Amino acid sequence: MTPGDLDELRALVAEGCRVLSARDLAPGILGHISFRVDDSRMLIRCRGPRERGLAHTTADDIRLVGFTGEPGAAGELDGGYTVPYELPLHSRILLRRPDVTSVVHAHPRNVVVADLAGLSIMPIVGAYDIPGAVLAHGGVPVFPRSALIHNPDLGDDVADSLGDRPVVLMRGHGLTSTGTSVQEAVLRAISVDVIASLSVSIVSTGGTLKPIGAEDLADLPNLGAGLNVGAAWRHEVARLD
Ligand SMILES: [Zn+2]
């Protein structure tokens, strides 16, 4: 990977952080995105001396670090930058899931509320958000502890809960989403947040949650991951302005 490639990826990870914030998934200064660079290093959103929150993330905040938090190249943690406390959440999932390239961790309010209210993420909508319906149909597991994931054992516990699914909820904490790209991992997090938000609204107005019918689910078209992710991402970036 050339320095130019790395710089492009830093810009993309930073953009992902701004999208999370714009969608209210990462209010304030909490939340991070990582991107696997090789077998032992990742780009990850770090915190610098002038931290202003995810909404203001720039490529400069995205640093190359080893899976145990050491600088991934000379100077990468210079300038007063520190890795997230929850780095093991990223490194253990990247180690355990070779199919995953990017990990998103955020604290979406709707997701926390829905889970604490006893609501699970179900395919309650279909054509409203097709990738979200398919994701929910496959199941969104819950990591049942509210701990800060600050060591490898806790990282492994979250990876155990995640299993082979794309997204895991974290009780009293938020969610962790994965993908083969930053775009896919962020869009999956947004889909789960949308379903959680709808679920809370439905129950609050006296309704009950039920999955859409099997026939409707089976009839949803496969939009093709590339096409859908590309257009959806352009929209997310456009609405940042
Ligand atoms: Zn967290």
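**View 1. Phe35 sits across from Leu43 in strand E2**. This is a predicted model, where local features need pLDDT of at least 70, side-chain atom pairs count only at pLDDT 80 or more, and totals for chains, interfaces and linings use all residues. Residues are numbered from 1 along each chain, as its sequence is written. Strand E1 (residues 32–36) and E2 pair up antiparallel, over 3 bridges. For two strands to pair, DSSP has to find at least two bridges between them. The names come from DSSP runs, numbered from the N terminus: helices (H or I) have at least four residues and strands (E) at least two.

**View 2. Strand E2 (residues 41–45) has E3 as an antiparallel partner, with 5 bridges joining them**. Here, look for Met42 opposite Val65 in E3. Of the 5 residues in E3 (residues 62–66), 4 are buried, so the strand is largely enclosed by the rest of the structure. A residue is called buried if 20 or more other C-beta atoms lie within 10 Å of its own, exposed if 12 or fewer do, and partly exposed in between, with C-beta atoms placed from the backbone.

**View 3. Seven strands make an open sheet with mixed pairing**. Read across it and you get the order E3-E2-E1-E4-E7-E6-E5. E3 and E5 are the edge strands, each pairing on one side only. At the E5 end, 2 bridges join E5 to E6, and these strands run parallel. Phe143 stands opposite Met170 in E6.

**View 4. Strand E6 (167–170) is covered on both faces**. Val167 and Leu169 are buried on one side, Val168 and Met170 on the other. Zoom in on Val167: it has 24 C-beta neighbours inside 10 Å, so it counts as buried. Beyond the residues within four places in sequence, Val167 is in contact with Leu135, Val140, Leu175, Ser177, Arg188, Ala189 and Val192. Contact here asks for C-beta atoms, placed from the backbone, within 7 Å of each other.

**View 5. Helix H5 (152–162) has its buried residues on one face**. They are Gly155, Val158, Ala159 and Leu162. Seen down the axis of H5, they fall within an arc of 100 degrees, so they line one face of the helix. That arc is taken from the directions from the helix axis to the C-beta atoms. Why might this happen in a helix? An α-helix has 3.6 residues a turn, so residues three or four places apart point the same way. Covering the buried residues of H5 are, among others, helix H2 (87–96), E5, E6 and strand E7 (174–179).

**View 6. Ile149 lies in the loop between strand E5 (142–143) and H5**. Ile149 counts as buried because it has 27 C-beta neighbours inside 10 Å. Pro88 is 61 residues away from Ile149 in sequence, yet their C-alpha atoms are 6.7 Å apart in space. Not counting residues up to four places away in sequence, Ile149 touches Glu86, Pro88, Leu89, Leu154, Gly155 and Val158.

**View 7. Helices H4 (residues 130–138) and H6 (residues 182–204) pack at about 80 degrees, with axes 9 Å apart**. The axes are lines fitted to C-alpha atoms over the stretch in contact, and angles run from 0 to 180 degrees between N-to-C directions. H4 and H6 are therefore roughly perpendicular, a label for angles of 65 to 115 degrees (under 35 is roughly parallel, over 145 roughly antiparallel, and the rest oblique). Pro131, Gly132, Leu135 and Ala136 in H4 meet Arg188, Ser191, Val192, Val194 and Ile195 in H6.

Notes. Two residues are in contact if their C-beta atoms, placed from the backbone, lie within 7 Å.
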